[in-house]
Amino acid sequence: MSESDLLVDVAIVGGGPAGQGAAEQLVAAGLTVAVVDEQARPGGQILRQPPKTFSVRHWLPGRAYTGVKAQLARFEALPGIRWVGRTSVVGLFRGQGEYEYAMLLSGPEGGSRIQARFVLIAAGCYDLPAALPGWTLPGVMSAGGIQAFIKSQLLMPGERFVLTGTHPLQLVLADQILKGGGAVAAVLFAQPLLNAVAPLLRKPFTTLRHASTLIAAALCCLRLCRAGVPIRFGRTVRQVLGDRRVDGVILAPTLPGSTVQPAMMACDRVTLCFGFLPQSDLPRLAGADMTRNPSTGGWAATHNEWMRSSVPGLFVAGETTGVEGAEVALREGRLAGLGIALAAGRIALDAAEAKAGPTRAQLKPMKRFAAMLDELSSPASILPYLADKDTLICRCEDVTRADIEGALSGPMPPCSANALKLVTRAGMGLCQGRSCEHAILRIVAARMGSHNAPLPGFTPRFPIRPVSISSLTD
Ligand SMILES: Cc1cc2nc3c(=O)[nH]c(=O)nc-3n(C[C@H](O)[C@H](O)[C@H](O)COP(=O)(O)OP(=O)(O)OC[C@H]3O[C@@H](n4cnc5c(N)ncnc54)[C@H](O)[C@@H]3O)c2cc1C
């Protein structure tokens, strides 16, 4: 321990709805709390607050944002929270003694450390990277990347967009692009319309219960249709065209065997939206048990009814535990806050149960709806068809699909993801496999005739984000 270490009862990674929901309970229980976030301001991915120097009228209007904005206002009014913004948590280590956890940070002032009795990882999720021919050209962006520009900087990062993917967020984003003054050339859903609708019909009670969300999506569709934006199902971008930047796409039926001919479409931005992956590097680094989502392939941290992970003193909440939306994240954060207060002896079990009961009751139908969304937007059967042999899978180290398949079909095929990494260098670059790990596991799975690889992924290593040497020497 050094004199400059910040000492707190609870260190939270992530100031999104989950981290905020937990902080509220922890402050009420009299615990000291630090919240670390790579964003300058709290709000998480769903809100992405503009800089303090911006004054924005009608910022993120609409019912979808009402609950999370109210939560943000409560969080910002909490007394005594230590907010550590623009700072990445790059390592998490467990030791002995009163402050069991050491959290290593890298921020604008270099490296620093927090010592904490308990840790909550509420680090959210990130866009599932979908490798298809041309996806590394400047102008191809994730849906989240585009939203980050629109929400936090009020900028439209392009003029004419083609959106391709499987996730319904595409409709919301296309609507936001139109409202922001951009043009949308097409919204392409890779799954057939029936796949997108069947889960809604199979579970009519869940569908009816969340009718307002579905009506909001339908209204987005209506506005897009009125603006002349084509929405197509069973179609995807087969190739992004351009020399130094995007100038168009070839779109075609998703699955082979269709008689519909591929067509060219001009655009200067391509948006990929095939779903989201939980931020899993920190819980994996800490040795927590994880499960694999069969639809996106992402790793989610498992937990008990108080959101405690398999590692003592380490709690998880929000999309680190599975991608289920902001309202679920907020409630899981509250449960984690109560769970930590309980473990710290700051609340009695019956009082904690009384507070947790209504939250758990609210979570049940929300989780059913999230499972339905997961099913209707599943890219599992589509992703294996997107990349051709020359497509870069690991863009940090320039490793193509052919390189990976070549290694797998050699005389001594690597028998683990780590071995494949050593042979091909895929996953050794700056992003440490965040971008390519899942694509690689899918290629391995496809060779085994499955959509789900049984392999464990790469072993997570400190630092989980690129850091400067000076941060480390600090
Ligand atoms: C780009 C993007 C856009 C989205 N847009 C919408 C939307 O418009 N509508 C919607 O309903 N849902 C949206 N979602 C889903 C939405 O993020 C969640 O439903 C909700 O925000 C989850 O809350 P959370 O607290 O679990 O995580 P988040 O809100 O994602 O908060 C997690 C926070 O942790 C921080 N963090 C992560 N790792 C580290 C680290 N190592 N060090 C420091 N800080 C870290 C992140 O900066 C982030 O602020 C979006 C998701 C993404 C990824």
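**View 1. Which residues of helix 5 are buried?** They are Leu-169, Gln-170, Leu-171, Leu-173, Ala-174, Asp-175, Gln-176 and Ile-177, where buried means under 20% relative accessible area, exposed over 50% and partly exposed in between, with a 1.4 Å probe and protein chains only. That's 8 of the 11 residues in helix 5 (residues 169-179), so the helix is mostly covered. Helices here are DSSP runs of H or I with at least four residues, strands are E runs of at least two, and both are numbered from the N terminus. Just after helix 5, Gly-181 takes a positive phi of about 100°. Bear in mind that this is a predicted model: local features need pLDDT of at least 70, side-chain atom pairs count only at pLDDT 80 or more, and totals for chains, interfaces and linings use all residues. Residues are numbered from 1 along each chain as its sequence is written, and side-chain values use heavy atoms, with hydrogens and water left out.

**View 2. The largest cavity holds about 230 Å³ of space.** Of the 18 residues lining this cavity, Asp-281, Arg-284, Gln-432, Arg-434 and Glu-437 are the closest to its centre. Helix 9 (281-285) and helix 14 (437-447) are the elements that give two or more residues to the lining. By class, the lining has 7 nonpolar, 5 polar and 6 charged residues; Ala, Val, Leu, Ile, Met, Phe, Trp, Tyr, Cys and Pro count as nonpolar, Asp, Glu, Lys and Arg as charged, and the others, Gly among them, as polar. A cavity is a set of points, on a 1 Å grid over the protein atoms alone, where a 1.4 Å probe fits but cannot get out, and lining residues have an atom within 4 Å of a point. Grid points are joined across faces, edges and corners, and a volume is the space filled by probe spheres set on the points.

**View 3. The second largest cavity has a volume of about 130 Å³.** Its lining counts 13 residues, with Leu-383, Pro-384, Ala-387, Ala-439 and Arg-442 nearest the centre. Helix 14 turns up again here, giving the most to this lining with 4 residues.

**View 4. Asp-243 sits in the loop between strand 12 (235-242) and strand 13 (246-253).** Asp-243 is exposed, at a relative accessible area of 67%. Asp-243 and Gly-134 are 109 residues apart in sequence, yet 9.6 Å apart in space, C-alpha to C-alpha.

How values were computed:
1 Å grid on protein atoms, 1.4 Å probe; cavity = no way out; pocket = protein on both sides within 12 Å on 5 of 7 lines; lining within 4 Å.
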